[in-house]
There are 2 protein chains.
Amino acid sequence: MARYQIILAYDGTGFLGSQRQANRRTAQSELEKALRRLGWQGSSVLLAGRTDSGVHASGQVAVFDLGWNHPLEELVRALNSHLPADIAVREAQIVRDDFHPRFDAVSRCYRYRLFCQPVRDPLRERYAWRLWPPPEIDAIQAAASLLIGKHDFAAFGTPPRAGSSTVRTVMKAEWWNQADEWSFEVQADAFLYRMVRRMVYLQVAAGQGKIPAEAMADLLEGRPRVVPAGLAPANGLTLIAVSYPQQ
Amino acid sequence: MARYQIILAYDGTGFLGSQRQANRRTAQSELEKALRRLGWQGSSVLLAGRTDSGVHASGQVAVFDLGWNHPLEELVRALNSHLPADIAVREAQIVRDDFHPRFDAVSRCYRYRLFCQPVRDPLRERYAWRLWPPPEIDAIQAAASLLIGKHDFAAFGTPPRAGSSTVRTVMKAEWWNQADEWSFEVQADAFLYRMVRRMVYLQVAAGQGKIPAEAMADLLEGRPRVVPAGLAPANGLTLIAVSYPQQ
């Protein structure tokens with residue numbers, strides 16, 4: 001018996017989020033089903049981050065205890081042969097027995113993709129938000145730079161437990177674009193629920209000139225400010241990495 | 001009443017090909033359904049190219065006659081509001097009354113995408129073939145160069161009507177790769193059924209050293225040659241453009 005850490009990738013379109021829920025198709029329940037085919041008898045795998053319904057992952061981390069007497073590549077192959085097409089194990093490694101993918105994580109990194117087109121494009125909209133008109137690159141980058149640092153993000157999302165802290169530290173918040181494709185990458189010690197999608201929505205609003213640049217600063221400093229409600233759609237968002245202290 | 005030419009894009013995953021078939025979900029039947037909502041009473045739209053089940057399109061061309069008294073952008077918007085999420089009209093223009101998208105076409109261009117990874121990747125496999133081990137770039141490019149020109153492609157596909165010509169002229173056949181992503185772009189006056197997928201399959205076999213480079217030359221010159229049967233999967237293929245003489 002050893003503790004295994006795996007990197008999990010999934011297309012979130014067909015999942016009601018990451019966490020197991022009764023009778024709902026989730027990344028966790030699919031992984032647990034596949035593990036049971038390998039003799040796993042645990043009650044629950046541990047996941048590093050909770051992703052909302054429709055959010056994708058290329059770097060979700062899951063942990064479970066398993067008796068496995070074959071090479072790690074065989075574990076990856078065996079799990080993938082039991083997992084459906086929209087979810088796969090990318091890598092596996094053995095970790096120490098008390099390793100916890102959520103509590104031991106030092107940061108999470110998400111990517112949000114969007115593309116600017118006036119007309120629908122079915123070959124791109126599964127993994128990116130279609131937006132029109134395009135934001136202004138300087139304005140959206142200025143909004144992003146305000147997010148960096150330690151702030152109370154209460155205006156951007158809700159904490160895992162009501163009443164717990166809404167302070168988070170953002171280490172990276174960067175936009176780049178090429179032709180009509182835009183990407184936003186954001187790394188923080190942890191995120192509130194909906195925080196990335198709300199961040200993207202407000203930055204886009206600033207980039208399109210719908211809210212003044214100072215609105216975001218006000219929200220981050222706890223000053224009351226009326227801004228449009230809304231979230232960037234889930235389909236543009238991917239959890240790309242979870243980081244741990246050097247082991 | 002005027003004749004309209006539209007550029008159609010679709011994610012082929014949910015379609016049984018392009019052409020209408022009784023009780024099957026196809027790109028053509030979805031377009032015709034949307035047109036009927038705008039008062040279209042024709043019996044059939046015309047399509048430039050037939051795409052197989054699962055093949056995508058970003059540049060399929062369709063033609064129909066319609067009475068429409070609003071701007072072209074309104075036609076695009078109206079059709080898209082009636083089309084499901086996996087198919088959309090990208091552009092529309094008026095063409096001469098006897099324009100035919102298939103007979104008037106001078107060439108078609110397809111792109112095939114693949115990526116080289118030993119492990120499944122659910123975020124990429126919808127639009128690309130996962131291949132392992134990687135082909136050798138020189139070998140696959142050498143195989144591609146043999147395809148250029150006028151050849152009898154009988155070994156690569158079947159003609160639209162049994163007994164009709166299998167001679168086609170390939171103007172472009174190019175591979176390029178970046179990191180683990182590979183793309184093949186091929187342009188010809190017309191294609192036999194399955195021709196692109198068969199071409200990709202055999203070039204990959206040559207690139208992986210499974211068949212000698214001369215095998216492809218033999219097939220193109222009508223010399224008997226035993227080669228592995230098989231087709232590259234449909235999900236990697238996209239019809240990207242159909243060209244017409246300058247109007």
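## Salt bridges across the model

By the rule used here, the count comes to 40 salt bridges over all chains. Keep in mind as you look around that this is a predicted model. One of these salt bridges pairs A:R25 with A:D86, and their closest N and O atoms are 2.9 Å apart. A:R25 sits in the loop between β1 (2–10) and α1 (27–37) of chain A, while A:D86 belongs to the loop between α2 (72–82) and β4 (87–95) of chain A, so the pair ties together parts that are 61 residues apart in sequence.

## Two domains in chain A

The domain assignment divides chain A into domain 1 (2–95) and domain 2 (107–243). Taken over C-alpha atoms, the centres of domain 1 of chain A and domain 2 of chain A are separated by 27 Å. Each side brings a set of residues to their contact: 15 residues from domain 1 of chain A and 15 residues from domain 2 of chain A.

How much area is buried between domain 1 of chain A and domain 2 of chain A? The figure is about 1200 Å², of which carbon and sulfur atoms give 52%. The rule finds 3 salt bridges across this interface of domain 1 of chain A and domain 2 of chain A, along with 11 residue pairs in polar contact, both residues being at pLDDT 80 or more. On the side of domain 1 of chain A that touches domain 2 of chain A, the residues divide into 4 nonpolar, 8 polar and 3 charged.

## Where chain B meets chain A

Now for the contact between the chains. It takes 25 residues from chain B and 25 residues from chain A. Between them, chain B and chain A bury about 1800 Å², with 54% of it on carbon and sulfur atoms. Three residues stand out: B:R90, B:R120 and B:L123 supply 40% of the area that chain B buries against chain A, more than any other three residues.

How many salt bridges does the rule find across the interface of chain B and chain A? The count there is 0. Polar contacts are another matter, with 16 residue pairs found across the interface of chain B and chain A, both residues at pLDDT 80 or more. Turning to secondary structure, β1 (2–10), β3 (56–66), α2 (72–82) and β4 (87–95) of chain B each supply at least two residues of the side of chain B that touches chain A. Among the elements, β4(B) gives the most to that side, with 4 residues. By residue type, the side of chain B that touches chain A divides into 14 nonpolar, 5 polar and 6 charged.

## How the two copies are related

Chain B superposes on chain A through a rotation of 180 degrees with 0.0 Å of shift along its axis, at an RMSD of 0.0 Å. The two copies are thus related as by a two-fold rotation axis. Which residue of chain B has the C-alpha nearest the axis? That residue is B:R126, with its C-alpha 5.0 Å from the axis.

The same surface serves both copies, as 100% of the contact residues of chain B recur in chain A.

## Backbone details to look for

Most residues other than glycine have a negative phi, and most peptide bonds are trans. With that in mind, a few places in this model deserve a visit. The peptide bond from A:W132 to A:P133 is cis, with omega near 0 degrees. A:P133 has its place in the loop between β6 (129–131) and α3 (137–147) of chain A. In chain B, a cis peptide bond joins B:W132 and B:P133, with omega about 0 degrees. B:P133 is found in the loop between β6 (129–131) and α3 (137–147) of chain B.

You will find A:R194 in the loop between β9 (181–188) and α4 (195–207) of chain A.

Note on methods:
Residues are numbered from 1 along each chain as its sequence is written. Chains are lettered from A and ligands numbered from 1 in the order in which they are written. This is a predicted model: local features need pLDDT of at least 70, side-chain atom pairs count only at pLDDT 80 or more; totals for chains, interfaces and linings use all residues. Side-chain values use heavy atoms; hydrogens and water are left out. Contact means heavy atoms within 4.5 Å. Buried area is the accessible area (1.4 Å probe) that two parts lose on being put together, summed over both. A salt bridge is a side-chain nitrogen of Lys or Arg within 4 Å of a carboxyl oxygen of Asp or Glu. A polar contact is a pair of N or O atoms within 3.5 Å; within protein, one must be able to donate a hydrogen and the other to accept it, and residues adjacent in sequence count only if both atoms are side-chain atoms. Ala, Val, Leu, Ile, Met, Phe, Trp, Tyr, Cys and Pro count as nonpolar, Asp, Glu, Lys and Arg as charged, and the others, Gly among them, as polar. Copies are superposed by least squares on the C-alpha atoms of residues with pLDDT of at least 70 in both. Domain bounds come from an automatic or database domain assignment.
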